[in-house]
Amino acid sequence: MNKKEVGMLLDEVAIYYPSFVSQQRQEDKREIRDKWHKVLEDTPYDIAVSLLEVYVRNPDNRYAPHPGALRKVKSDAERYHEQMQAAGILTIEHWEEMKKNAVGPTEEQRRKVREILGRNV
């Protein structure tokens, strides 16, 4: 969600919770919008509005939501895939590091292997 959409979302919150917006200076409103944007930038606007509507329907929610309450919640499958992807990246990095530092067998080790294989064949 971009900053303009965050501003629109804050307007929606103010409709449901009039006390949410007090007589603030324009600079303060920009700072609030920027802070909410940091939390909500990865959440699509329509999902945040839907979550706001769910939040408002609950009679126990008498106060305006904080931005985290309107964030897209990842499913177990999404979290699992992100974790697996991160683990895969670490594994590849580990293997690349091992490839860079790998040292082949010495001539003495090669001779011993040929000797052992020569006896068993």
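The following legends describe views of a predicted model of one protein chain.

**View 1. Overall fold of the protein chain.** The protein chain holds five helices and zero strands, where helices (H or I, at least four residues) and strands (E, at least two) are DSSP runs numbered from the N terminus. Its radius of gyration, taken over C-alpha atoms, is 29 Å, whereas a compact globule of 121 residues would have one near 14 Å. The C-alpha trace spans about 90 × 30 × 20 Å along its principal axes.

**View 2. The largest nonpolar core.** A nonpolar core is a set of buried Ala, Val, Leu, Ile, Met, Phe, Trp, Tyr and Cys residues joined through side-chain atoms within 4.5 Å. This core has 13 residues, of which M1, L9, W36, L40 and L70 touch the most other members. At least two residues of the core come from each of α1 (3–16), α2 (26–40) and α3 (45–57).

**View 3. Surroundings of M1.** Beyond its neighbours within four places in sequence, M1 is in contact (heavy atoms within 4.5 Å) with residues including V6, L9, H37, L40 and Y45.

**View 4. N2 in the segment before α1.** N2 lies in the segment that precedes α1. N2 is partly exposed at 40% relative accessible area, on a scale where buried is under 20%, exposed is over 50% and partly exposed is in between (1.4 Å probe, protein chains only). The N2 side chain reaches the backbone nitrogen of K4 at 3.1 Å.

**Notes.** Residues are numbered from 1 along each chain as its sequence is written, and side-chain values use heavy atoms, leaving out hydrogens and water. Local features need pLDDT of at least 70 and side-chain atom pairs count only at pLDDT 80 or more, while totals for chains, interfaces and linings use all residues.

Key:
A polar contact is a pair of N or O atoms within 3.5 Å; within protein, one must be able to donate a hydrogen and the other to accept it, and residues adjacent in sequence count only if both atoms are side-chain atoms. The radius of gyration is taken over C-alpha atoms; the globule rule is 2.2 Å times the number of residues to the power 0.38.
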